[in-house]
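Subject: Structure handover

Hello,

Please find the structure below. My notes on what was found in it follow.

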Amino acid sequence: TWHLKKIPQIVSERTFSLDSPKFEAKTKLELDSVCGIECQRKLPVPSLSDLKDLLSYETVFENGTRTLTEVKVLGLVLDPAGNTTTRRSSRRKRQIYGTDSRFSIYDKRFMTNFPFNTAVKISTGCSGILISPKHVLTAAHCLHNGKDYVKGSKRLRVGLMKTKSRGDGRKRKGAKRNGMPSFQWTRVKSTHIPKGWFKGVSGDIALDYDYAVLELKRPHKRKYMELGISPTIKMMPGSMIHFSGFDNDRSGQLVYRFCSISDESNDLFYQYCDAEPGSTGSGVYLRLKEPNQKKWKRKIIAVYSGHQWVDVNGEQQDYNVAVRITPLKYAQICFWIHGNDENCTQG
């Protein structure tokens, strides 16, 4: 069951103008020197003033201007336990673990219906998910490398899968065959990235903050997926997660996968879902029961960050990692969507 939680408030204090970014960074879909499971266990619990700094955020607008918004965090009870993790098994392979268990979705009836039609393509080469009529959730590193915005993010666009081809039903020249999706591209009006992602704030890029929200220029009329607070592994049916994206090695195809989680910290899920670059930024979701109802509902509980090498017991282990939507991140993303915290009290 989805458990309702009281959400801390994120309130904007003041906004400054910053210099326009250079937009010169290269898009890098696999990160190095990531603070892994061992490293996370040793990290101190962030104080309220740390969180205020990490959750302040940059906004970049389509004309290239940039602002920094400082925030206040209200109503948060800090967890003294710190970054605990649950140890499971570990293995050493690459992004595809053993038999490739991904499913390419070819049937237009599935592709253009919920939940698959919430997956979108980002023009920098990543995936994302629709979270409101005008907003898309994706990974921060698809847009920013920790020091500067990536080259393609200056004229950022989002590709929504088309439901119908235009015209009178005749096959257009060059139309995609074999059920491959075609895209309707929409310009991005603004992009929000938490300051915790930037080098210099955390000393190194912190995977915990590898998420970003894009505001579209025009609203879409599709069903989107709501945000949920990420439950612990124990509270998930079969510990299973699901996500769909546009993997690079299956060009033009929507690829769906599900798998169980191997390990978790307060902010990250470590898992062996088969994935390739291109699916980075996909929304990871669960299907749980609504409280006091017989209805089941899918909600996004994490953002797929990609394949990472992390330190475990003094040696490098590889995982596919997802950034969990904690109550604080829920409050921040909800604030970005609504522009106030009034609609973000229950998650």
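Is Phe 335 buried or exposed? Phe 335 counts as buried, because its relative accessibility is 9%; buried means under 20% relative accessible area, exposed over 50% and partly exposed in between, with a 1.4 Å probe and protein chains only.

Some ground rules before the rest. This is a predicted model, in which local features need pLDDT of at least 70 and side-chain atom pairs count only at pLDDT 80 or more, while totals for chains, interfaces and linings use all residues. Residues are numbered from 1 along each chain as its sequence is written, and side-chain values use heavy atoms, with hydrogens and water left out.

Aromatic pairs

Rings of Phe, Tyr and Trp (its six-membered ring) pair if their centres lie within 6.5 Å; planes under 30 degrees apart count as stacked, over 60 as edge-to-face and the rest as tilted. By this rule there are 14 aromatic pairs. One of them is edge-to-face because the rings of Tyr 57 and Phe 335 have centres 6.5 Å apart and planes at 70 degrees. Tyr 57 is in strand S2 and Phe 335 in helix H4, so this pair ties together parts that are 278 residues apart in sequence. Helices (H or I, at least four residues) and strands (E, at least two) are DSSP runs, numbered from the N terminus. Tyr 57 is also buried, at 7% relative accessibility.

Tyr 270 and Tyr 319 form another edge-to-face pair, with 5.2 Å from centre to centre and 65 degrees between the planes. Since Tyr 270 lies in strand S14 (residues 268–271) and Tyr 319 in strand S17 (residues 315–324), the pair ties together parts 49 residues apart in sequence. Both Tyr 270 and Tyr 319 are buried.

One aromatic cluster is formed by Tyr 57, Tyr 209, Tyr 211, Phe 335 and Trp 336.

Two rings have a charge over the face, which requires NZ of Lys or CZ of Arg within 6 Å of the ring centre and within 35 degrees of the ring normal. Arg 157 lies over Trp 185, at 4.7 Å from the ring centre, and Lys 223 lies over Phe 114, at 4.2 Å from the ring centre.

Cores

A nonpolar core is a set of buried Ala, Val, Leu, Ile, Met, Phe, Trp, Tyr and Cys residues joined through side-chain atoms within 4.5 Å. The largest one has 69 residues, and those touching the most other members are Leu 55, Ile 131, Leu 137, Val 158, Tyr 211 and Ile 333. Helix H4 (residues 327–338) gives the largest share of this core, eight residues. A second, separate core has 17 residues, including Trp 2, Leu 288, Tyr 304 and Ala 322.

Strand S2

Strand S2 (residues 57–61) is largely enclosed by the rest of the structure, because four of its five residues are buried. Two strands pair if DSSP finds at least two bridges between them. S2 runs antiparallel to strand S3 (residues 66–74), joined by four bridges, and Glu 58 has Leu 68 as its bridge partner in S3. The hairpin of S2 and S3 has four residues between the strands, and there Gly 64 takes a positive phi near 90 degrees. S2 also pairs with strand S9 (residues 183–194), again antiparallel, over five bridges. Thr 59 has His 192 as its bridge partner in S9.

Individual residues

Most residues other than glycine have a negative phi, and most peptide bonds are trans. Phe 23, not a glycine, has a positive phi of about 55 degrees. Phe 23 is in the loop between strand S1 (9–18) and helix H1 (37–42), and counts as buried at 7% relative accessibility. The peptide bond between Phe 114 and Pro 115 is cis, with omega about 5 degrees. Pro 115 lies in the loop between helix H3 (108–111) and strand S5 (119–122).

Ser 153 is in the loop between strand S7 (135–138) and strand S8 (157–161), and is buried at 10% relative accessibility. The side chain of Ser 153 reaches the backbone oxygen of Val 150 at 2.7 Å. Leaving aside neighbours within four places in sequence, Ser 153 is in contact (heavy atoms within 4.5 Å) with Phe 23, Thr 124 and Leu 143.

Gly 245, in strand S12 (residues 240–245), is buried with a relative accessible area of 0%. Gly 245 and Ser 282 are 37 residues apart in sequence, and 5.6 Å apart from C-alpha to C-alpha.

Regards

Technical notes
Polar contact = N/O pair within 3.5 Å; in protein donor to acceptor, adjacent residues only side chain to side chain.
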